[in-house]
Structure formats: structure tokens, C-alpha cells
Amino acid sequence: VYSLQAQIDTITQAIFHLGFSEVKNLVVTLSVIDMFESISVFPSFNMIDIWKHSMAVGVTTRNIGSAIQGAG
């Protein structure tokens, strides 16, 4: 998906190719994962797994919404 012919040498070029929205999503995701790693509500309750599940549900929902809009 991100295969390019030219090498990316700067942060600005990387943001341009990925898109600001994607970079923002990555930063937010990493920040939340970092925050969850320090929380220990229940020893058997894995906050990272909950976050990953939530992200997967969000992506799936977005894809379903796009498919519905494209069909209508």
C-alpha cells in the first residue's frame, strides 16, 4: 500500500505520503496504548487487548459504512 519509487528522507515527506489524518491516528493510538500499559485495574484484564479490539471494530465499522455509501 505504501510502496514508493523514491526514498523518503524527511518527516515532512513521510507525513505527506501517509496523510496527516493517518499520522494523527497513529500518534493517538500509540499514546493511548502507552497510557493503558500503566493502568492495572484487574490483573486478568488486558487493556491493550481491549484497545486493539476497539480499533478493529472501528476500522470494520468504517469499512462497512463506506461499502454501504458506495452501494447507495
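The model is predicted, so local features need pLDDT of at least 70 and side-chain atom pairs count only at pLDDT 80 or more, while totals for chains, interfaces and linings use all residues. Residues are numbered from 1 along each chain as its sequence is written, and side-chain values use heavy atoms, without hydrogens and water.

Start with the layout. The chain has three helices and zero strands. From the N terminus on, the order is α-α-α. Helices (H or I, at least four residues) and strands (E, at least two) are DSSP runs, numbered from the N terminus.

Next, the surface. The chain exposes about 6,200 Å², and carbon and sulfur atoms supply 64% of that area. Such areas come from the Shrake-Rupley method with a 1.4 Å probe; for residues, only the protein chains shown count as cover. Of the 72 residues, 10% count as buried. Buried means under 20% relative accessible area, exposed means over 50%, and partly exposed lies in between (1.4 Å probe, protein chains only).

Now turn to Thr29. Thr29 sits in helix H2, residues 20-37. Thr29 counts as buried because its relative accessibility is 18%. Leaving out residues up to four places away in sequence, Thr29 touches Trp51 and Met55. Contact here means heavy atoms within 4.5 Å.

Met55 belongs to helix H3. Met55 counts as partly exposed because its relative accessibility is 33%. Met55 and Thr29 are 26 residues apart in sequence, but 8.7 Å apart in space, C-alpha to C-alpha.

Finally, look at helix H1 (residues 11-18), which holds Ile15. Ile15 is partly exposed because its relative accessible area is 31%.
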